[in-house]
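Here are my notes for your read-through. Please keep the structure open beside them.

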Amino acid sequence: MWEWVRRALLNSLSSSCLRVWQWVRAFWWKNGLLTLSMLSVATGCLLGFLLRALELSELEKQYFSFPGELLMRMLKMLILPLITSSLMSGLATMDSKACGKMGVITITYYLWTTFMAVTIGIILVVSIHPGAAAQKDDYSVGKVVLSSADALLDLIRNMFPSNLIEASFQQYRTVLVPVVKSPGFPKIPGKSLSFIYFAPDDANPAIHRPVFLELTPSPEMSYRTLPGTSNEMNVLGIVIFSATIGLLLGRMGERGTPLVNVCQCLNEAVMKIVSMAVWYFPFGIVFLIAGKILEMEDPSVIGQKLGLYAITVVSGLVIHGLVLLPLLFLLITKKNPFAFIQGILQALLIALATSSSSATLPITLKCLLENNGIDRRVARFVLPVGATINMDGTALYEAVAAIFIAQVNEYDLDLGQIITISITATAASIGAAGIPQSGLVTMVIVLTSVGLPTDDITLIIAVDWALDRFRTMTNVLGDALAAGIIAHVCEKDFAPKPPPQDPASNTAKFPSVETPHLHPKDNVIEMIEETLLDQTGVHYNICQV
């Protein structure tokens, strides 16, 4: 009897252990990478604050941040091939009417949500009034900045790059060159105007040596604009060029098929690289976040000056990202938005670590295709466009920062000026590049629109590196939810249509292909055929991950 009880207990224990092991294995297979990424974020924050006590030198900080630098370089390496292949292949295989409809809905949705974000930021900053707690330094280093007209013209110039190869690593930026205009001073022939000072000698301070200083009048400074470049990828120009090529390839029919197949294969190869590179991300995130914490100033001093301002920005981002956008998703799709957000947590963590929506683009696309089952044609169009023009977090941040600077300077804004800030913040965010701290550049447009001093941008630089990460998360979240909404709205336009039954046509010439259903987590690459909806008999090879 005891032997039977012992066997029963052993069998029960072994079955329980087997079930636990199967659960752990299934959990790790589904959420292992996400769990590692979350742990790496916490580890990076803890390690960064602990290492601040060692007071590392600048060279040591640079060596310490090297694994995080590799992470950023990996992601930036994939931006160019991913944007070009995604837009070209995605738009080429769409019906022209469906593509036009999706484009209008996408742009309208992005502009509307950006304006919503700006409105939330203005309401919060006016209500909380964080400028009352901040104090302006007695001294400030003047910095010459572009006017809003020059910044807007640079945005339009970058939409049409003169050299596509150059656009992959540079973008146009107007440069201000100082020009000295001296009013002149009457000089006496043979004599120079000078002052004589007596300064202590370096070797013997008791001995004074004469120092002659020539008297020069204060020169008059003016600035001339010249064409220049900055070492940043011109994402906006590449997006517009790729979208145009994709639309034209769809109209070319069979002649454009070879290039579309090349773009499909390139897109598949990039996604395979992403699938392998994501396992390095948890390691790189630790050093990326810890390195940024090591570089920041004293947190207690920053908290006293800008704590209320940071709370205002973060509160606005939370309300917009976790309340309004999910509510909009729920009303339109009638689906649970937080289940959708759970599928893109990996992309949100990468956005938090890298502070770049463009660098997060490969991970966002991977999460939407594998975890949320979004139509790849929608994702390939909505995400690259969103990473370029949809900057909800940046627009909210710029509106809050502009009114905060006005409050610090005790400058009362009327209703017209607040409306001007809301419009210019929405427009300026479109031109903000998807790179770290790009909002500081477009902030000039918002400040000059209402006559605020642009030199006071230095007031918020101390906390910009941290707030930049949270607003990048909001930008990425907005792009992903937009893809889900537009995939739902345009679902009928992208549904497969049965071929017309025409007895006079040779139906055997174009056999129908049944596409098997792939599980979102299935990593098997299967070649399927897609037929252009507006042209008969033109087939493209689509590589699905």
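**Notes on the predicted model**

1. Start with a charge over a ring. The charged end of Arg 471 sits over the ring of Tyr 397, at 3.8 Å from the ring centre. Keep in mind throughout that this is a predicted model.

2. Next, the aromatic rings. How many aromatic pairs does the structure hold? The count is six. One of them joins Phe 329 and Phe 340, with 5.0 Å centre to centre and 40° between the planes.

3. Are the two partners buried or exposed? Phe 329 has 2% relative accessibility, so it counts as buried. Phe 340 has 9% and therefore counts as buried too. The cut-off for buried is under 20%.

4. Another aromatic group deserves a look. Phe 64, Tyr 280, Phe 283 and Phe 287 form one aromatic cluster.

5. On cysteines, the entry is brief. The structure holds zero disulfides. A disulfide is a covalent bond between the sulfur atoms of two cysteines. Cys 17 has a relative accessible area of 46%, so it is partly exposed. Cys 265 is at 42% relative accessibility and therefore also counts as partly exposed.

6. Now a helix crossing. Two packed helices are described by the angle between their axes and the distance between the axes. Helix α4 (residues 96-128) and helix α18 (residues 461-489) have axes that come within 11 Å and cross at roughly 140°. That angle makes α4 oblique to α18, because only angles over 145 count as roughly antiparallel. The α4 and α18 crossing is right-handed.

7. What is the hand of the crossing of α3 and α14? It is left-handed.

8. Most residues other than glycine have a negative phi. Ser 355 has a positive phi, near 60°, and is not a glycine. Ser 355 lies in the loop between α12 (345-354) and α13 (357-370). With 2% relative accessibility, Ser 355 counts as buried.

9. The other angle belongs to Glu 410. Its phi is positive, about 55°, although Glu 410 is not a glycine. Glu 410 sits in the loop between α15 (392-408) and α16 (415-430). Is Glu 410 buried or exposed? Its relative accessible area is 71%, so Glu 410 is exposed. Ser 355, by contrast, is buried.

10. At 2% relative accessibility, Val 278 counts as buried. Which residue is 245 residues from Val 278 along the chain, with its C-alpha atom 7.9 Å away? That residue is Leu 33.

11. Pro 130 is another loop residue. It lies in the loop between α4 and α5 (148-159). Pro 130 has a relative accessible area of 1%, so it is buried.

12. Gly 393 is a helix residue, in α15. Its relative accessibility is 0%, so Gly 393 counts as buried. Gly 393 and Asp 468 are 75 residues apart along the chain, and their C-alpha atoms are separated by 8.6 Å.

13. The C-alpha atoms of Ala 425 and Val 446 are separated by 5.8 Å, and the two residues lie 21 residues apart along the chain.

Terms used
Residues are numbered from 1 along each chain as its sequence is written. This is a predicted model: local features need pLDDT of at least 70, side-chain atom pairs count only at pLDDT 80 or more; totals for chains, interfaces and linings use all residues. Side-chain values use heavy atoms; hydrogens and water are left out. Rings of Phe, Tyr and Trp (its six-membered ring) pair if their centres lie within 6.5 Å; planes under 30 degrees apart count as stacked, over 60 as edge-to-face and the rest as tilted. Buried means under 20% relative accessible area, exposed over 50%, partly exposed in between (1.4 Å probe, protein chains only). A charge sits over a ring if NZ of Lys or CZ of Arg is within 6 Å of the ring centre and within 35 degrees of the ring normal. A disulfide is a pair of cysteine sulfur atoms within 2.5 Å. Axes are lines fitted to C-alpha atoms, for helices over the stretch in contact, and angles run from 0 to 180 degrees between N-to-C directions. Helices (H or I, at least four residues) and strands (E, at least two) are DSSP runs, numbered from the N terminus. Angles under 35 degrees count as roughly parallel, over 145 as roughly antiparallel, 65 to 115 as roughly perpendicular and the rest as oblique. A crossing is left-handed if the near helix is turned anticlockwise from the far one by less than a right angle, and right-handed if clockwise.
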